[in-house]
Amino acid sequence: MNHRSYKSSLLLLLLAVCFAFAGCGKGKDTPADPTSIPDIFQTPDAESYELGPNGYYEDQYITASWYPTLKLSRVVMNYAEYEGKTPAGDRLLFSYTVDDLGSFAQELSGHDFDSYQKLLFSQNSYYYLKDFGYVKVDGHEALRAVYEYAPDEEPDKKVYVLQYAYNVNGWIMSVAYTSLSPIPPECEDTLNSVRFKAGY
């Protein structure tokens, strides 16, 4: 699997927020559509990202139970995206990114609310950070961020985001849920369900 820097992974995540829902992407700072990435970056073993019963997921790094309605929709480079439904019937997206060339210490440690808001804003001025902090998951430090994509002229196009970025032996594993309605609390439970395999 080809891996790129966390900044590229974060950009893919933020692009997904803008383009995953109808009407998004009309903001004043809208970047390019991630679906235009050349086929050379497509990951050939996408079947390895498929989920088992009740959202069960396992790879060489982790086991987890993602939200049970999710189905794999695409894999680009080291970025896998899944789609499902919330209990209210709204579209729910989930992304999983492995960045084993990234550095948690250099790129994510030391952020506070204001500096992470500035990072989001540098990608698109419609990102508004609502909650930020660091948590522990299976003994690993993780950055936790809750934010919204909220275009001023289209308030009905608001997108909610819940993101975790785990410190895995110094590199970064990032996951996020996005939806047009508030993220169900059960989604955060799945992010805390991650268990790292021996060596990670």
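In helix H3, which spans residues 113–123, the buried residues are Tyr116, Gln117 and Leu120. Around the helix axis these residues cover an arc of only 105°, and they therefore lie on the same side of H3. The other side of H3 carries the exposed residues Asp114, Lys118 and Ser122. The model described here is a predicted one.

Asparagine 78 is located in the loop between strand S3 (71–76) and strand S4 (79–85). The relative accessibility of asparagine 78 is 1%, and the residue therefore counts as buried, the cut-off for this class being under 20% relative accessible area. The side chain of asparagine 78 reaches the backbone oxygen of valine 98, at a distance of 2.5 Å.

Aromatic pairs number 17 in the structure. One of them is formed by tyrosine 166 and phenylalanine 196, with 5.9 Å from centre to centre and 75° between the planes, an edge-to-face arrangement. Tyrosine 166 belongs to strand S8 (residues 159–168) and phenylalanine 196 to strand S10 (residues 195–196), so this pair ties together parts of the chain 30 residues apart in sequence. Tyrosine 166 and phenylalanine 196 are both buried.

A second pair consists of tryptophan 171 and tyrosine 200, whose ring centres are 6.4 Å apart; the planes stand at 75°, so this pair is edge-to-face, given that an angle over 60 degrees defines that class. Tryptophan 171 is part of strand S9 (residues 171–179), whereas tyrosine 200 is in the segment after S10, so the pair ties together parts 29 residues apart in sequence. With a relative accessible area of 10%, tryptophan 171 is buried. Tyrosine 200 has a relative accessibility of 27% and so counts as partly exposed.

Aromatic residues also form a cluster, made up of Tyr49, Tyr57, Trp66, Tyr82, Phe94, Tyr96 and Tyr177.

Notes. Residues are numbered from 1 along each chain as its sequence is written. This is a predicted model: local features need pLDDT of at least 70, side-chain atom pairs count only at pLDDT 80 or more; totals for chains, interfaces and linings use all residues. Side-chain values use heavy atoms; hydrogens and water are left out. Rings of Phe, Tyr and Trp (its six-membered ring) pair if their centres lie within 6.5 Å; planes under 30 degrees apart count as stacked, over 60 as edge-to-face and the rest as tilted. Helices (H or I, at least four residues) and strands (E, at least two) are DSSP runs, numbered from the N terminus. Buried means under 20% relative accessible area, exposed over 50%, partly exposed in between (1.4 Å probe, protein chains only). The arc is that of the directions from the helix axis to the C-beta atoms. A polar contact is a pair of N or O atoms within 3.5 Å; within protein, one must be able to donate a hydrogen and the other to accept it, and residues adjacent in sequence count only if both atoms are side-chain atoms.
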